[in-house]
Amino acid sequence: MAADNAADRSAGRSADRSAGRLARELDRLAEERVDHRFKGLPPEAEGLTVGELAALRKNLFTDGFTTPVLALSAERLEHNLALMETYSERHGLAFAPHGKTSMAPQLFARQLERGAWGITLAVPHQVRVARAFGIERIFLANELVDAAALRWIAGELDADPAFRFICYVDSVPGVALMDAALREAGATRPVDVVVELGAGDGARTGVRTEAECVEIANAVAAADTLRLVGVAGYEGEVPDATPERVEAWLRRLVSLAVEFDKANRFADLDEIVVSAGGSAWFDAVADVFAEIPALSAPVLKLLRSGAYVSHDDGHYRHLTPFNRVPDEGALHPAFRLWAQVVSRPTPEQAFVNAGKRDAAYDIDLPEAQVVHRGGVDRPATGVTVTGLSDQHGWVRTTPEADLAVGDWVGMGLSHPCTSFDKWQLIPLVEADGTVTDYVRTYF
């Protein structure tokens with residue numbers, strides 16, 4: 001019992017140190033100077049720190065912001081953060097939201113404050129960003145065979161006993177490359193890995209058969225630079241996905257964990273990791289993970305959804321599991337891209353000054369929602385975005401559209417990941433247009 005208490009105290013001190021470092025780095029972020037790098041901000045803000053500009057609580061529409069400008073709703077962001085926190089708790093899931101969606105340490109901090117176990121990332125650069133801000137638990141939902149990145153990871157693990165890092169493995173050659181790089185680096189702590197089960201033929205990464213999973217687990221066991229801690233995968237890649245197909249694959253993943261445990265592959269672990277969960281099927285993950293039987297150690301049921309943080313007005317609006325389980329709540333789209341009508345060459349056509357450089361367009365075009373004129377918002381009736389050039393949005397109008405040069409058009413966007421990565425500093429805006437903060441991204 002004394003040993004358990006000592007471990008708890010040590011973990012608590014580690015968490016305090018991590019939170020303290022994150023807070024200090026966010027304070028430094030607020031000291032960054034506003035300049036020409038950050039589009040859409042008031043020109044007179046030049047030279048102010050981000051913190052000083054936020055303290056002015058400028059209004060998005062009346063205080064000098066230039067178009068195009070991307071706004072993130074403060075109220076809707078808070079709603080989404082709270083909803084996924086309660087959803088995870090209700091279903092007994094740990095949560096490591098996918099940070100590649102926003103690459104915004106301020107949002108990482110808010111996700112951690114809302115109970116997240118850690119942050120999921122996809123490539124080494126993203127891990128470096130998270131570590132620079134003191135994130136102590138990182139799940140890399142990808143294979144890692146880059147020798148330079150592995151040397152850096154080994155150094156981070158050796159320098160910080162509290163740092164927890166987990167990544168995928170899906171091949172024996174990949175295990176060999178990891179082992180060689182870590183040996184050359186003189187790593188003193190093993191890198192924790194999970195075998196990635198592929199979602200099926202034609203899917204993305206991941207092992208295609210259980211027999212191959214066993215081979216990879218054997219290779220990990222033979223490499224003292226690595227430690228097998230569980231299994232994982234991404235159900236969003238299940239071909240021709242239906243609830244039945246997704247649940248069948250998830251049960252394969254759970255069965256793989258059970259078989260590995262029966263073979264004593266998780267001996268001496270404090271917990272066994274079973275992870276899945278993008279933004280389209282987390283309800284299926286919750287249902288199937290609830291069926292995981294007792295194993296030789298407690299199971300960390302790790303959900304990794306990321307797009308929820310801002311949600312959207314297109315792709316994820318249609319795919320969100322909350323459409324299937326409305327009693328659990330609903331996510332709210334938090335982004336709105338504001339552009340100005342700069343040309344009205346015919347009664348049927350208009351052009352706004354936002355294009356491919358500003359708006360996500362890889363899945364759906366922006367959706368005209370609101371027209372702002374003279375301090376008043378009204379629905380964008382008869383206004384449709386039909387195409388994008390680099391810096392122009394092509395707009396078709398019908399006779400009922402009341403659209404004039406100078407109007408601001410507020411557009412909903414599809415695919416949060418692509419929306420975030422086009423903007424380095426995003427105003428966080430209250431419903432009345434007051435800007436309360438600025439979210440810094442690192443892509």
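Mentor: Let us begin with a definition: a polar contact is a pair of N or O atoms within 3.5 Å, and within protein one of them must be able to donate a hydrogen and the other to accept it. The model before us is predicted. In it, the side chain of Lys-301 reaches the backbone oxygen of Phe-289 at 3.1 Å.

Trainee: Which residue of opposite charge has the side chain nearest to Lys-301, and how far away is it?

Mentor: The nearest such side chain is that of Glu-291, 10 Å away. A salt bridge requires a side-chain nitrogen of Lys or Arg within 4 Å of a carboxyl oxygen of Asp or Glu. Lys-301 is buried and has no salt bridge. Leaving aside residues up to four places away in sequence, Lys-301 touches Gly-92, Leu-93, Ala-94, Val-274, Phe-289, Ala-290 and Ile-292.

Trainee: In which strand does Lys-301 lie, and what is the order of the strands in the open sheet?

Mentor: Lys-301 belongs to strand 9, which covers residues 299-303. The open sheet has 8 strands in the order 2-9-8-7-6-5-4-3, and their pairing is parallel. Strand 2 (94-95) and strand 3 (119-121) stand at the edges with a single partner strand each, so one side of each has no neighbour in the sheet.

Trainee: How many bridges join strand 6 and strand 7?

Mentor: Strand 6 (residues 191-196) pairs with strand 7 (residues 226-232) in the parallel sense over 6 bridges. Within this pairing, Asp-192 stands opposite Arg-227 in strand 7.

Trainee: Let us turn to charged pairs. What can side chains of opposite charge do when their charged atoms come close?

Mentor: Side chains of opposite charge can pair when their charged atoms come close. Over the whole structure, a search finds 30 salt bridges. One joins the side chains of Glu-85 and Arg-114, with an N to O distance of 2.9 Å. Glu-85 lies in helix 3 (residues 74-90) and Arg-114 in the loop between helix 4 and strand 3, so this pair ties together parts that are 29 residues apart in sequence.

Trainee: Is Glu-85 buried or exposed, and how does Arg-114 count?

Mentor: Burial is read from the relative accessible area, with under 20% counted as buried and over 50% as exposed. Glu-85, at 17%, is buried, whereas Arg-114, at 26%, counts as partly exposed.

Trainee: Where do Glu-247 and Arg-251 lie?

Mentor: Both lie in helix 9 (residues 243-262), 4 residues apart, about one turn of the helix. Glu-247 is partly exposed at 22% relative accessibility, and Arg-251 is partly exposed at 35%.

Trainee: Which residue forms a salt bridge with Arg-317?

Mentor: The partner of Arg-317 is Glu-367, with the closest N and O atoms 3.4 Å apart. This pair links distant parts of the chain, for Arg-317 is in helix 11 (residues 315-319) and Glu-367 in strand 12 (residues 367-373), 50 residues apart. Arg-317 is partly exposed, with a relative accessible area of 31%, and Glu-367 is partly exposed with a value of 31%. Elsewhere, Glu-32, Asp-35, Arg-37 and Arg-440 are linked in a network of salt bridges.

Trainee: Let us consider the backbone. Which residues does a cis peptide bond join?

Mentor: The cis peptide bond joins Thr-67 and Pro-68, with omega about 0°. Pro-68 lies in the loop between helix 2 (50-55) and strand 1 (69-73).

Trainee: What phi do Asp-268 and His-311 take?

Mentor: Asp-268 has a positive phi of about 70° although it is not a glycine. Asp-268 lies in the loop between helix 9 and strand 8 (272-276) and is exposed, with a relative accessible area of 79%. His-311, also not a glycine, has a positive phi of about 55°. His-311 is found in the loop between strand 9 and helix 11 and is buried at 4%.

Trainee: Finally, what is the mean pLDDT of the protein?

Mentor: The mean pLDDT is 95, and 96% of the residues reach 70 or more.

Conventions:
Residues are numbered from 1 along each chain as its sequence is written. This is a predicted model: local features need pLDDT of at least 70, side-chain atom pairs count only at pLDDT 80 or more; totals for chains, interfaces and linings use all residues. Side-chain values use heavy atoms; hydrogens and water are left out. Helices (H or I, at least four residues) and strands (E, at least two) are DSSP runs, numbered from the N terminus. Buried means under 20% relative accessible area, exposed over 50%, partly exposed in between (1.4 Å probe, protein chains only). Lys and Arg count as positive and Asp and Glu as negative; His and the chain ends are not counted. Contact means heavy atoms within 4.5 Å. Two strands pair if DSSP finds at least two bridges between them. pLDDT is the predictor's confidence in each residue, from 0 to 100.
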